[in-house]
Amino acid sequence: KYFIPTFDKIQKENKFVKTMLITDTNSIVVLRAHRPEMNNDDLSVVRPIIKKANELKKNLFGFEAGKMSIPYRITIPIIYEGVHYGVLDMGISSNFFIEYINKIASSAHATSLLNKDFLKNFIKNTYLNKTPIKKGFLAPNFNEFFEPFFDSIDLNKEISQVEKEGRIYLINSTFKMTSFNNTSFGTILIAYD
């Protein structure tokens, strides 16, 4: 009665919220606000982050690979008067990060770089013409600015220094993208003149 209208309201207020569902303590989906007409799929198959949040009874946040994108998930246990009833799970579109990067890019060169091992796996299991890689998740300007000296950037250092066209740039690689289980998804790189 209240769940789907609440989700619709959240979506109007935040264009990045894409999915929302409630599971019970056995991680079986009880309510799904996004595309509720899809009732022929197996609702017992849930994401690992949901099972983990039910098990730990703790809030979990992190990137997760889907068939079509890399969403960011927010998973919150439902605990009322000390009783654990299940988990509320929301998926945030990776376009949020593209927009974030584009905002930074007005004062610096910025891009997000996926972990190479993960990227191979992602490409293998994804329809490339529909992935956020081509829309800029990997690069509004990756080839144009970063590729010529990419191999000289040490991602383990918080700050690297490179020279391009006679100018010195500091490359900040402190913003690591990790998932709820500490899987490394990649790094946001910001280059300051």
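Two strands count as paired if DSSP finds at least two bridges between them. Helices (H or I, at least four residues) and strands (E, at least two) are DSSP runs, numbered from the N terminus. The model is predicted: local features need pLDDT of at least 70, side-chain atom pairs count only at pLDDT 80 or more, and totals for chains, interfaces and linings use all residues. Residues are numbered from 1 along each chain as its sequence is written, and side-chain values use heavy atoms, with hydrogens and water left out.

**The chain as a whole**

- The chain contains six helices and nine strands.
- Of its 193 residues, 42% are buried, where buried means under 20% relative accessible area, exposed over 50%, and partly exposed in between (1.4 Å probe, protein chains only).
- The chain has an accessible surface of about 11,800 Å², and carbon and sulfur atoms account for 52% of that surface; the areas come from the Shrake-Rupley method with a 1.4 Å probe, and for residues only the protein chains shown count as cover.
- Contact means heavy atoms within 4.5 Å. Among contacts between residues at least 6 apart in sequence, 51% join residues at least 24 apart.

**The five-stranded sheet**

- An open sheet is formed by five strands in the order β2-β1-β5-β4-β3, with antiparallel pairing.
- Its edge strands, each pairing on one side only, are β2 (29-32) and β3 (60-63).
- From one strand to the next the twist averages 20°.
- Seven bridges link β1 (residues 17-24) to β5 (residues 83-92) in the antiparallel sense. In this pair, valine 17 stands opposite isoleucine 92, and threonine 23 has valine 87 as its bridge partner.
- On β4 (residues 72-80), nine bridges make the antiparallel pairing with β5; threonine 75 has aspartate 89 of β5 as its bridge partner.
- β4 and β5 form a hairpin with two residues between them, and glutamate 81 in the turn has a positive phi of about 50°.
- Strand β5 is largely enclosed by the rest of the structure, because seven of its 10 residues are buried.
- Helix α1 (residues 3-13) lies across β1, β2 and β5 and runs at about 150° to β1. Axes are lines fitted to C-alpha atoms, for helices over the stretch in contact, and angles run from 0 to 180 degrees between N-to-C directions.

**Nonpolar cores**

- A nonpolar core is a set of buried Ala, Val, Leu, Ile, Met, Phe, Trp, Tyr and Cys residues joined through side-chain atoms within 4.5 Å.
- The largest such core has 13 residues, and those with the most contacts inside it are Phe63, Ile70, Met177, Phe185 and Ile190.
- Two or more residues of this core come from each of α3 (95-104), β6 (109-114) and β9.
- A second, separate core has 11 residues, including Phe146, Val162, Ile171 and Leu189.
- Beyond its neighbours within four places in sequence, phenylalanine 185 is in contact with residues including Phe63, Ile70, Leu113, Phe118 and Met177.

**Positive phi in loops**

- Most residues other than glycine have a negative phi.
- Glutamate 165 is not a glycine, yet has a positive phi of about 50°. This residue is in the loop between β7 (159-164) and β8 (167-178), and is exposed, with a relative accessible area of 74%.
- Asparagine 182 also has a positive phi, near 70°. Asparagine 182 is in the loop between β8 and β9 (184-192), and is exposed at a relative accessible area of 67%.
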